[in-house]
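Subject: Structure handover

Hello,

Here is the structure we discussed. Please open it before you read on; my notes follow below.

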Amino acid sequence: DYHWWWRAFLTSGSSGLYLFGYSIMYFHSQLEIDGFVPTLMYFTYMAVFSTLFFLVTGTIGFYSCQKFVWAIYAAIKVD
């Protein structure tokens, strides 16, 4: 499977989606924000932060999988 890099990036980056889902749950259960503008600001900031978290964790997952794949293919001896 030569598309491993997308799976590595999306699997580890999906924690950003979990973070955004948790922020929605936290908004409805714990926060007492009234009004359209504060709600819009909260969800905008959480969307930006979740996207950045998605990119950071996805990049870390990609590079760690890349290092692992290079290590296992470097161990193969072709005679």
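Helices here are DSSP runs of H or I with at least four residues, strands are runs of E with at least two, and both are numbered from the N terminus. Leu-40 is found in one of these, helix α3. This is a predicted model: local features need pLDDT of at least 70, side-chain atom pairs count only at pLDDT 80 or more, and totals for chains, interfaces and linings use all residues. Residues are numbered from 1 along each chain as its sequence is written, and side-chain values use heavy atoms, with hydrogens and water left out.

Helix α1

Start with α1, residues 4-13. Its buried residues are Ala-8, Phe-9 and Gly-13. Buried means under 20% relative accessible area, exposed means over 50%, and partly exposed lies in between (1.4 Å probe, protein chains only). Down the axis of α1, the buried residues fall within an arc of 110°, so they line one face of the helix. That arc is taken over the directions from the helix axis to the C-beta atoms. The face turned away from the buried side carries Trp-6, Arg-7 and Thr-11, which are exposed. Trp-6 has a relative accessible area of 52%. What covers the buried residues? The cover includes α2 (15-29) and α3 (36-74). Contact means heavy atoms within 4.5 Å.

α2 against α3

These two pack at an angle of about 160°, and the axes of α2 and α3 are 7 Å apart. Axes are lines fitted to C-alpha atoms, for helices over the stretch in contact, and angles run from 0 to 180 degrees between N-to-C directions. α2 and α3 are therefore roughly antiparallel. The cut-offs: under 35 degrees is roughly parallel, over 145 roughly antiparallel, 65 to 115 roughly perpendicular, and the rest oblique. The crossing of α2 and α3 is right-handed. A crossing is right-handed if the near helix is turned clockwise from the far one by less than a right angle, and left-handed if anticlockwise.

The α2 side of the contact includes Leu-19, Phe-20, Ile-24 and Phe-27. Among the α3 residues they meet are Tyr-42, Phe-43, Met-46, Phe-49 and Phe-53. By class, the contact of α2 with α3 has 12 nonpolar, 6 polar and no charged residues. Ala, Val, Leu, Ile, Met, Phe, Trp, Tyr, Cys and Pro count as nonpolar, Asp, Glu, Lys and Arg as charged, and the others, Gly among them, as polar.

α1 against α3

Here the packing angle is about 135°, with the axes of α1 and α3 7 Å apart. α1 and α3 are therefore oblique to each other. Their crossing is right-handed. α1 contributes residues including Trp-4, Trp-5, Ala-8 and Phe-9. α3 contributes, among others, Phe-54, Leu-55, Phe-62, Cys-65 and Val-69. The contact of α1 with α3 divides into 10 nonpolar, 7 polar and no charged residues.

Single residues

Tyr-45 lies in α3. Is Tyr-45 buried or exposed? Tyr-45 is exposed, at 57% relative accessible area. Leu-40 is partly exposed, at 45%. Two C-alpha separations to check on screen: Leu-40 and Ile-76 are 36 residues apart in sequence and 54 Å apart in space, while Trp-6 and Ser-29 are 23 residues and 34 Å apart.

Best wishes
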